[in-house]
Amino acid sequence: MCRSWSRIATPFLYDRVYLHRIGQVVALVKALEGEDGSATRGRLVHHIHGRLFVSKFWEDVYSKQTIRLLEICSSAKSFSWSVFWHYMRSEPVSDGNSMINIMLRSRPSIYLTLGSLRKLTFSL
C-alpha cells in the first residue's frame with residue numbers, strides 16, 4: 001500500500017481485530033510495536049475479539065503476548081476473549097495462564113487499557 005493510502009486505511013485496519021490463533025496474537029503485537037518499538041499503532045485498536053485454541057506448549061507465549069497486547073492497546077473500548085485449552089480443557093495446564101490470573105498479576109501498565117474498556121467479556 002502506498003503512503004497516501006496507508007494514512008487513510010491504517011485506522012480502519014486496526015479498529016476492530018479478530019484473533020483465532022496464538023500466532024496471530026504474536027504477529028499483531030509485533031505489528032503494533034512497530035520497528036522502532038514505540039507501539040503508537042496500539043492506540044488505533046478499539047475492539048479486540050479473541051477466540052483461541054492454546055496448546056500446553058504455547059501457554060507461556062499466550063500469557064506474555066496477551067499482557068503485552070493489553071499494554072499496547074490503551075484505547076481499547078471492548079475486549080472479548082475466549083480460550084480453548086489443550087485437549088479442549090476448560091482450564092490451562094498452568095493455572096497462572098487463565099485470563100483471570102493474567103489480569104490479577106498484570107503489570108500497572110495495562111491498568112490504563114482496563115480503565116478505558118466499556119465492555120469486558122471472557123469465558124471462565
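Biologist: What makes strand 3 and strand 4 (residues 119-122) a pair?

Modeller: Four bridges join strand 3 and strand 4 in the parallel sense, and two strands pair if DSSP finds at least two bridges between them. Strands here are DSSP runs of E with at least two residues, and helices are runs of H or I with at least four, both numbered from the N terminus. This is a predicted model, in which local features need pLDDT of at least 70, side-chain atom pairs count only at pLDDT 80 or more, and totals for chains, interfaces and linings use all residues. Residues are numbered from 1 along each chain as its sequence is written, and side-chain values use heavy atoms, without hydrogens and water.

Biologist: Which residue of strand 4 is the bridge partner of S80?

Modeller: T121 is the partner of S80 in strand 4. S80 is also the bridge partner of H49. Strand 2 (residues 47-54) runs parallel to strand 3, joined by eight bridges.

Biologist: Why is the β-α-β crossover from strand 2 to strand 3 called right-handed?

Modeller: With the strands pointing away from the viewer, a right-handed path from the first strand over the helix to the second runs clockwise. The crossover through helix 3 (residues 59-72) is right-handed.

Biologist: Why is strand 3 (residues 78-85) described as largely enclosed?

Modeller: Six of its eight residues are buried, so strand 3 is largely enclosed by the rest of the structure. Buried means under 20% relative accessible area, with a 1.4 Å probe and protein chains only; exposed is over 50%, and partly exposed lies in between.

Biologist: How do you know that C73 is buried?

Modeller: C73 has 0% relative accessibility, so C73 counts as buried. C73 lies in the loop between helix 3 and strand 3.
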